[in-house]
Structures are given as C-alpha cells and as structure tokens.
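Biologist: I've got a model open on my screen and I'd like to learn how to read it. Can we go through it feature by feature?

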Amino acid sequence: MTKRLWSFSIVCLLVTSCGAPLTKPYQDQSSAQHSTPNVTQTSMEASRDFAESPFPTEGSNHLSMLPPASMPSSSALPIAPTRAPSHTHAPSPTSTPSLNLKPKSNPKRSVAQPEASKRPSLPVQKNQGQVRISQKKLTLSQLVVKYPETFKLRGSSQEKKVALTFDDGPDTRFTPKVLDALKANQVKATFFVLGAMANTHPDVIKRIVNEGHVIGNHSYSHENLPKLSVDKFQNQIESTETILQNLIGYAPRLIRPPYGAINEDQVKWIANHHYLIVNWNVDSLDWKSLSSDQVLHNILQQTKPGSIILQHSGGADSQDLSGTVQAIGPLITKLKAAGYTFVTVPELLHVTKSK
Ligand SMILES: [Zn+2]
C-alpha cells in the first residue's frame, strides 16, 4: 500500500496538473508572445493596433489579461456613485444596476510573482507541460489573427471611411449632448451600451435608435469577462440582449467586451452564436476628462482609412466628458475636409447590425 502511494506521488510530480501553480501560465504567456514564431503581416498589424492603444498602468506584453485602452472607459467608469461596484453581482434584466467600473489592478501578475518564486525547482516534464498550457492562452492580438471573421478592430484600409463609437452609455448627462452634436453634423455613430444603463435610461436608448445610430452590446454591468464563469459571461451578454431587443426591436450583432478583454473560449462562444466582437484601433483617451483639443489631437493622430474610433458617452460622476462632446463638431469637420466619410460600424464592416 505504501509502495503504491509512493508510486502515485512520483507520477503526480511528473504530471503537469499536479500542483502546477495556476498563475504560472500567465507569466509564461508574455514570453510566449514575444517568441511567437509565425508572425504574419496580419498578426503584426494586429499587434500594432493594440500597441497603439495605451494601456494605462500595464505593459503591452500582457495584452491578454489587461484591460486594453477601453479599460479607461471602465476603469474610470463608475456610473452610480451611490452604488458600490459589485464583483459578485449576478446580472439580470430586472436587478438594480451595479456596475463594475472600478479600475482594474493586475491581480494575476502580483500573485504570480511570489507564487512562482516560492516554488522549488520542478521536473522538466512539469515545466514543459506548463509551456503547453501557456501557449493555449492566446493574447488579444493573437485572437484577432486566429478569429478574423469574429474579432474586428477596423474596417478596410481601402476605403476612406471611419466609424465613431461611444461606450458605457446611455446616461442623461452626456449621451444626449453627444446625440445633439452628431445630429448637428449629420453623422451616424455606433453606441456600445450597458444592459444596466439601458434598463435605467430606456428613453435615451430609443432616441439613439430613432436618430439613426446603431446599438452594440457592451455587457450588462461592465465586468472583466475573462474572469467570469461560463454562466456569468453568457448572462452578461444575453441579459443585455434581451433588454435591448425589447427596446429597439433587434438583437445587436456587435459586442464590445468591457476593457476590450475576452478569452478564447468566449470568442468561440461568440462566433458560434453569430455575434461579432468589435474593439477599436483609435483610442481618444477621453475617459481621462481631457479637453476637446486633447481628444481631437489623440484621434486625428491615429486615424486612418477604416479606423474604428473609441470614445465614451457615459461615465462616472467624477468624469467630465465635455471634451468629448465639444470635440465632435471639429473632428467631423476636419476629417470630412480630409476626405473621410463617417459610417456606422456595420456599414464599415459590411455586416448586419442585428443577429
Ligand atoms: Zn466600457
């Protein structure tokens, strides 16, 4: 019996899953990314797109687990000051909105370091197993390359068209002003809205649609999707879809994950359910309460044919999106003068707005 136990222990040491630190794959991931052998032109472009989007506090080598530029939207994006952000709130169409808009730290990295350093040397086989695991966790850039039909950052560079997108609404503070500015300039945009906010401000959702804009699904309560269980992830998408369908008459095909963050299993689920993931390749950084000049500068500096431009129409009470609103007119004037036309995301990508 004792001998059998010893044999089991030895086998255990040699098998990857036994006692393998859960955090290690994340550490390996960045190095795996840097040594990716088959870098195609497309993958290089994808990497560049993400690199162009500043990642607030983390390095760009942790793309798969860090909030991309949109994190701002969210990081700084608290919506209801009287409601404490909830990490455990199970979203449902009828529940009170409790949005998880707190800035995200990098818990995985901070946990991974000490955890790994405490471990004794591991058998070679074990390390090899971990490398295999890490290679399965693709970065966002790699996911874009692997699922080009599902994961979009921009439209065709052959057409001088751009799409304005506004996240984290609807609210009654800035979204109506954004709509006023778009109407004054006769431009249609795409709004990635939160289910919880749509529940709270249904009239604003209806105004968005009545004025010819397109609605996309930005989850129910702005959770970091890769951290969620399968059920909670699907609930974030489906509960929002139900709310929106009842308000606007169609189930949006476009999904923008909070922080732009998503994992491969979730991408597969989205692909199987005929949605599209739409991130961006131009980040205004407007969530930082920038002046209109700064917002304008950030956008004009990065915009090229086919760009999808990230801005916000909602945020925390502490956030001032006046710069976003004031920049809309000059931005449209300048880009039109440069020969650009403004289209919605479905028009830019030549897809339907509904599922
Ligand atoms: Zn957001």
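Biologist: Let's start with a single residue. Where is the place of Pro 170?

Modeller: Pro 170 sits in the loop between β2 (161-167) and α8. Keep in mind that this is a predicted model.

Biologist: What is the peptide bond from Gly 169 to Pro 170 like, cis or trans?

Modeller: General idea to begin with: most peptide bonds are trans, and most residues other than glycine have a negative phi. Here, the bond from Gly 169 to Pro 170 is cis, and its omega is near 0°.

Biologist: And which phi does Asp 168 have, positive or negative?

Modeller: Positive, about 75°, although Asp 168 is not a glycine. Asp 168 is also found in the loop between β2 and α8.

Biologist: Is Asp 168 buried or exposed?

Modeller: For this you count C-beta neighbours, and 20 or more within 10 Å makes a residue buried. Asp 168 has 35 of them inside 10 Å, so it counts as buried.

Biologist: What about Gln 186, buried or exposed?

Modeller: Gln 186 has 9 C-beta neighbours inside 10 Å, so it counts as exposed. Gln 186 lies in the loop between α8 and β3, and it has a positive phi of about 55° without being a glycine.

Biologist: Now a helix. Which residues of α10 are buried?

Modeller: In helix α10 (residues 202-210), the buried ones are Val 204, Ile 205 and Ile 208. They cover an arc of only 105° around the axis, so they are on the same side of α10.

Biologist: What covers the buried residues of α10?

Modeller: The cover includes helices α8 (175-184), α9 (195-200) and α11 (230-248), along with strands β3 (190-193) and β4 (214-217). Just after α10, look for Gly 212, which takes a positive phi of about 90°.

Biologist: Next, pairs of helices. At what angle do α8 and α14 pack?

Modeller: Two packed helices are described by the angle between their axes and the distance between the axes. For α8 and α14, the angle is about 5° and the axes are 9 Å apart. That makes α8 roughly parallel to α14.

Biologist: Which residues make the contact?

Modeller: From α8 you have Lys 177, Val 178, Ala 181, Leu 182 and Ala 184, and from α14 Thr 324, Val 325, Ile 328 and Gly 329. Sorted by class, the contact of α8 with α14 has six nonpolar, two polar and one charged residues.

Biologist: At what angle do the axes of α13 and α14 cross?

Modeller: Roughly 45°, with the axes of α13 (residues 292-302) and α14 (residues 322-337) coming within 8 Å. That makes α13 oblique to α14. The crossing is right-handed. Residues that meet there include Leu 296 and Ile 299 in α13, and Ala 327 and Leu 331 in α14. The residues of this contact divide into seven nonpolar, five polar and one charged.

Biologist: Zooming out, how many helices and strands does the chain have?

Modeller: It has 15 helices and nine strands. Of its 355 residues, 47% count as buried. Take contacts between residues at least 6 apart in sequence: 80% of them join residues at least 24 apart.

Definitions and conventions:
Residues are numbered from 1 along each chain as its sequence is written. This is a predicted model: local features need pLDDT of at least 70, side-chain atom pairs count only at pLDDT 80 or more; totals for chains, interfaces and linings use all residues. Axes are lines fitted to C-alpha atoms, for helices over the stretch in contact, and angles run from 0 to 180 degrees between N-to-C directions. Helices (H or I, at least four residues) and strands (E, at least two) are DSSP runs, numbered from the N terminus. Angles under 35 degrees count as roughly parallel, over 145 as roughly antiparallel, 65 to 115 as roughly perpendicular and the rest as oblique. A crossing is left-handed if the near helix is turned anticlockwise from the far one by less than a right angle, and right-handed if clockwise. Two residues are in contact if their C-beta atoms, placed from the backbone, lie within 7 Å. Ala, Val, Leu, Ile, Met, Phe, Trp, Tyr, Cys and Pro count as nonpolar, Asp, Glu, Lys and Arg as charged, and the others, Gly among them, as polar. A residue is buried if 20 or more other C-beta atoms lie within 10 Å of its own, exposed if 12 or fewer, and partly exposed in between; C-beta atoms are placed from the backbone. The arc is that of the directions from the helix axis to the C-beta atoms.
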